[in-house]
Amino acid sequence: MATATPTSPMPPTESRLAAWLRRAGLLDWFLPALAAVVGLAYLFPQAGGPGSPLPWDALNSGGVALVFFLYGLKLSLSSLRNGTRNWRLHLLIQLTTFLLFPLLALAVRPLFGGAQGQLLWPSIFFLCVLPSTVSTSVVMVSMGRGNVPAAIFNASLSALIGIVLTPLWVRAVLQPTGGGSEGLSALALSLAWQVVVPVGAGVLLNSRFGEWAGSHKGHLRVLDQVVILSIVFTSFCESFAQGVFRSYAPATVALLGAGMVGLYFGVFGLVAGASRLLGFAAPDRTTAIFCGSKKSLVHGSVFASLLFPGAAATGALLLPLMLYHALQIVLASIMAQQFGRAALRAEAQPES
């Protein structure tokens, strides 16, 4: 008499744990790489700072331009037109960037008492009125399998709107003494060369090379991640090299960092809820969340030097922005990976 064997043996604990870690993205090479570049930046801050023999600014700028060219290569003119017509998505993202963030900063102003609080709050408000990032917003949307054409449109639009609205907000609330237009013109020119021109060139070449780009999505996604790692490395190197974390007591920096995490997740949750109430499809929700929750360190550095002459050199004005910038990349990278895997699982499920 044969002995019946179990048809579905219980998997070992290690296999279940490994499966959970994989679903959470904790076995992905990208997360250890993020931790590694932050550690390297701490140990060797000069390697990615202004004194580095490597031209990091040129490398990052070239990487961003290449990423946007490849994005354009995957976009047909028809898909790009469709991406720019979703006015409700665009309105939600821009209102989040230039209205929700500043209102949240104004709401918490009474909590900042004392001399140090009075010094910190203007820098937090300054962070909240900045435009969204261009490169990382689109990279995160791509990693999360969101609406990339709409992300490109909104990230670029945010940068252009910020050239007008950010100084208006700052002047209305903080009343700085600085001014000037040369830096803003340079910023607009940099935006054109790094975003508009590469995307336009890619779109024009879509009919010839679009199929190749579509068949190599996996390799191009790795390029996105490498560009993010480069930006993270140089950002942390500059923070450590300038010693901005020594300007405050460790407890104050830790509390400020926790506040930046709370701000990020607060906006993240509000935008996610609004997207669901508006009935957005999953790709549009991903775009709204990742484009609406970002703030640009590049724009912040330029605006700080123009609107607050001398203050930016102390690191006080840029400390919350540098913390938020670093945290948003790390947190958004983790969540974008999870969004992307969820989208792939949804695509793999057979339609009922």
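Modeller: Surface patches are made of residues with over 30% relative accessible area and no salt bridge, nonpolar side chains being joined within 5 Å. The model here is predicted.

Biologist: Which residues form a nonpolar patch on the surface?

Modeller: Trp 87, Leu 91, Leu 95, Leu 99, Leu 103 and Leu 106 do, and together they have about 560 Å² of accessible area. Trp 87 lies in helix α5, which covers residues 87-107.

Biologist: Is Trp 87 buried or exposed?

Modeller: Exposed means over 50% relative accessible area. Trp 87 has 60%, so it counts as exposed.

Biologist: How are two packed helices described?

Modeller: By the angle between their axes and the distance between the axes. Take helix α12 (residues 250-277) and helix α15 (residues 319-348): their axes are 9 Å apart, at an angle of about 45°. That angle makes α12 oblique to α15. The crossing of α12 past α15 is right-handed.

Biologist: At what angle do α12 and helix α13 cross?

Modeller: At roughly 150°, with the axes coming within 9 Å; α13 spans residues 282-292. Angles over 145 degrees count as roughly antiparallel, and α12 and α13 are therefore roughly antiparallel to each other. Their crossing is right-handed.

Biologist: Which residue has a positive phi although it is not a glycine?

Modeller: Arg 145, with a phi of about 60°. Arg 145 sits in the loop between α7 (135-143) and α8 (148-173).

Notes: Residues numbered from 1 in each chain as written. Predicted model: local features only at pLDDT ≥ 70, side-chain atom pairs only at ≥ 80, totals over all residues. Heavy atoms only, no water. Patch = residues over 30% accessible without salt bridge, like charges linked within 9 Å, V, L, I, M, F, W, Y side chains within 5 Å. Areas by Shrake-Rupley, 256 points an atom, 1.4 Å probe, with all protein chains shown as cover. Salt bridge = Lys/Arg side-chain N within 4 Å of Asp/Glu carboxyl O. Helix = DSSP H or I, 4+ residues; strand = E, 2+ residues; numbered from the N terminus. Buried < 20%, exposed > 50% of the residue type's maximum accessible area, 1.4 Å probe, protein only. Axes fitted to C-alpha atoms, helices over the stretch in contact; angles between N-to-C directions. Parallel < 35°, antiparallel > 145°, perpendicular 65-115°, else oblique. Left-handed = near helix turned anticlockwise from the far one by under 90°.
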